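Let's take a walk through this structure together.

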Amino acid sequence: MSSGHHELLVVTVNHETVPMEERERYSLDEIQVEALYKALHDNSIIEESLILNTCNRFELYFKTNEARNGRSVVYETLSSFYGIPLVELEAHAKTRGGQDAIKHLIEVSAGLRSQITGEAEIFGQVKNAYSKCQQLGGAGALINRMVQKGFQAAKLIRHSTPIGQGQINISNVAVDLSLKIFGSLDRVSALVIGTGEISEKTAKALRSRGTHNFGIASHSLERAESVAQEWGGTPHAVGELDSYLNGYDILISSTNVEEPLLTKPLLERLHPARKNRPLFLVDLGLPRNVESACQDLDNVYLYNLDDLAKIAQDNLSDRQATIHTSEKIASQKSDAIWQMLEKRGLVSSQ
Amino acid sequence: MSLFGLADREWIFLATVVFTVTTILGSYSTLKLHRKAGRPYTLSLVSFGWILQTIGLYERGLQYGGCPLANRFELVQFLVWSAIALYIFVGPAFRVSLLGMFTSGFASILSILSLGFDSWDSPSREPIFGLSPWIEMHAALALFSYGVFGILALTSSMYLLQSRSLKQKKMGGLFPYMPSIFELTHINLRLLVLGFCILSSSLAIGSVYWTQDIESVNTLKLGATIAVWLAYGVLLFLRNRETLSYKQYSWACIIIFTIALFSLDAVDSSSTPVAGAASISISSTHL
């Protein structure tokens with residue numbers, strides 16, 4: 001690390017520096033965060049500080065007026081706060097200084113450093129951390145400027161590159177495809193066959209995007225009724241599928257069957273009454289619940305587990321492919337922010 | 001004759017350049033930079049091109065003392081002008097992503113063709129509508145409905161592209177930036193109704209004059225116009241009865257529009273200046 005002459009530093013413990021078992025030791029609850037701020041404030045050489053504490057990362061951005069001792073004082077404070085020997089802490093944590101610290105903040109906020117590249121949640125977490133830092137008096141002129149400008153740069157990265165585009169988990173991929181078919185999901189009805197974990201997640205994701213009308217089908221009506229009570233929706237027996245399928249626009253199926261539940265002849269019979277209403281079939285079952293020939297029908301869109309997984313994987317690859325461009329923007333922006341901080345006399349020259 | 005130092009075809013040439021640039025920028029931004037072709041900048045560029053085209057057509061119209069619809073070049077330009085006008089004034093209500101890029105592409109292709117073939121602009125710089133502004137209205141409305149059907153052909157192509165991507169599970173290219181197929185089917189219906197109503201109004205006006213002087217319209221023009229009107233009428237009927245699948249309906253919209261474009265030849269062939277038109281032009285200039 002190049003800490004020597006820097007007044008701005010960041011100490012980070014994250015998935016890139018240590019495995020999960022070690023990261024767990026750095027996790028803090030709200031009260032502990034407050035306590036750590038207090039411990040830091042007790043050191044007169046720490047002028048400003050910002051703690052970012054998520055399930056996957058602990059980071060401490062700080063401004064010190066003693067460039068030489070600042071780093072060791074912070075490490076000692078953290079070592080005693082966590083009860084982790086200093087040698088061990090130094091092995092777990094990585095320190096960046098000056099412009100690199102700003103670049104790191106931008107990259108973290110934009111999701112470039114997240115375990116799931118491009119995930120959006122981290123931006124909100126950094127915002128919350130900043131808000132907490134302001135409440136507890138950790139932020140001064142340097143942290144305020146750095147974070148506000150860093151947020152702008154992170155937003156620029158997210159808007160000008162595909163880093164956050166495309167869903168990367170199967171349930172959200174299915175919801176995105178529903179949106180491409182139906183536009184809005186407010187008036188869409190979804191039928192869930194089988195009560196597996198992915199079905200439940202997909203149903204939840206659909207509900208969060210506006211779907212209200214759900215049907216829950218199971219091999220036994222009792223089971224369907226019990227799940228429908230828990231998830232919300234109309235219970236059905238799978239055996240009578242042809243009597244109610246036309247009432248739905250999306251079918252999510254993940255039940256154990258030896259023969260496909262939904263066949264092309266069955267759909268062909270039901271199709272005229274749908275009057276061109278699209279039908280989105282999400283087959284999450286193994287063996288498959290929907291005959292692949294159903295895809296041949298007009299207005300029927302069939303996706304199985306492999307299709308959804310492939311889309312998720314492709315989206316992730318697209319995100320990773322854009323990391324280089326995003327890092328370049330982060331570098332340019334951190335350079336500009338650093339110069340601005342120097343001009344204002346908030347940091348000393350590198 | 002020139003306005004602000006440029007002749008009518010030069011204004012239209014500039015408009016074509018703007019439409020082409022909009023298409024290229026929109027495609028580059030979407031396919032290479034993976035950004036949504038921003039509606040504001042597409043709308044601004046297309047509007048700018050449309051203003052240039054309007055100046056060119058206005059300048060041409062001043063030479064007739066009426067709507068410039070006297071040869072194939074002018075018919076195509078007026079059709080393009082109508083389609084762009086629809087995109088600018090009604091398009092934002094549709095909220096269809098990439099419609100601006102598709103519309104500017106459509107305008108570029110037709111404009112380049114009409115500028116490329118000199119024979120399309122065979123001069124007939126005389127008024128063709130005689131004394132009645134209603135006949136002019138009839139022609140302008142008919143051409144405007146073709147503009148609407150042009151946009152309908154574009155949204156139908158978008159539907160087919162989007163539906164094909166969903167069927168074949170190809171999520172690249174334009175797919176992430178296009179509207180949902182449900183929205184496209186609704187817009188297609190609204191455009192068909194709008195275009196059919198405008199064309200029907202145009203034919204209703206024309207029929208009043210035709211019944212007074214049956215010889216004034218040649219059989220080819222009459223046949224072609226009625227065939228196009230009937231084709232869209234039947235399509236609307238089938239669409240309302242849900243007899244056709246959306247895929248068949250979209251293909252039908254594209255095919256009928258292509259045929260309708262060729263039917264403009266029949267319209268053009270009948271556009272000989274009316275007797276005494278030259279004197280009308282001269283007198284209107286004096287006024």
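Helices (H or I, at least four residues) and strands (E, at least two) are DSSP runs, numbered from the N terminus. Before we use them, some ground rules: this is a predicted model, where local features need pLDDT of at least 70, side-chain atom pairs count only at pLDDT 80 or more, and totals for chains, interfaces and linings use all residues. Residues are numbered from 1 along each chain as its sequence is written, while chains are lettered from A and ligands numbered from 1 in the order in which they are written.

Let's start with chain A as a whole. Chain A holds 14 helices and 10 strands. Its C-alpha atoms fill a box of roughly 80 × 40 × 30 Å along the principal axes. The radius of gyration of chain A, taken over C-alpha atoms, is 26 Å, whereas a compact globule of 350 residues would have one near 20 Å. That globule rule is 2.2 Å times the number of residues to the power 0.38.

Chain A is divided into domain 1 (8–161 + 322–343) and domain 2 (170–312), with bounds from an automatic or database domain assignment. The C-alpha centres of these two domains of chain A lie 44 Å apart.

Now for a sheet. Strands of a sheet pair through backbone hydrogen bonds, either parallel or antiparallel. In chain A, four strands make an open sheet in the order β2-β3-β1-β4, with antiparallel pairing; two strands count as paired if DSSP finds at least two bridges between them. Strands β2 (46–53) and β4 (94–97) of chain A are at the edges with a single partner strand each, so one side of each has no neighbour in the sheet. From one strand to the next, the twist averages 15°. β2(A) and β3(A) (residues 57–64) pair in the antiparallel sense over seven bridges, and S49(A) has F62(A) in β3(A) as its bridge partner. Helix α7(A) (residues 141–160) packs on this sheet and touches β1 (8–14), β2 and β3 of chain A. Here, contact means that two residues have C-beta atoms, placed from the backbone, within 7 Å. The direction of α7(A) makes about 40° with that of β2(A); axes are lines fitted to C-alpha atoms, for helices over the stretch in contact, and angles run from 0 to 180 degrees between N-to-C directions.

Where does chain A meet chain B? On this interface, 18 residues of chain A are in contact with 15 residues of chain B. The elements of chain A giving two or more residues to its side are α8 (170–182), β10 (300–304) and α13 (305–321). The largest share, four residues, comes from α8(A).

Most residues other than glycine have a negative phi, and most peptide bonds are trans. The bond from L286(A) to P287(A) is cis, with omega near 0°, and P287(A) sits in the loop between β9 (279–283) and β10 of chain A.

| Residue | Phi |
|---|---|
| K275(A) | near 50° |
| K169(B) | near 60° |

K275(A) lies in the loop between α12 (264–274) and β9 of chain A. K275(A) counts as exposed because it has 11 C-beta neighbours inside 10 Å. K169(B) is in the loop between α6 (133–168) and α7 (181–212) of chain B, and counts as partly exposed with 17 such neighbours inside 10 Å. The cut-offs are 20 or more other C-beta atoms within 10 Å for buried, 12 or fewer for exposed, and partly exposed in between, with C-beta atoms placed from the backbone.
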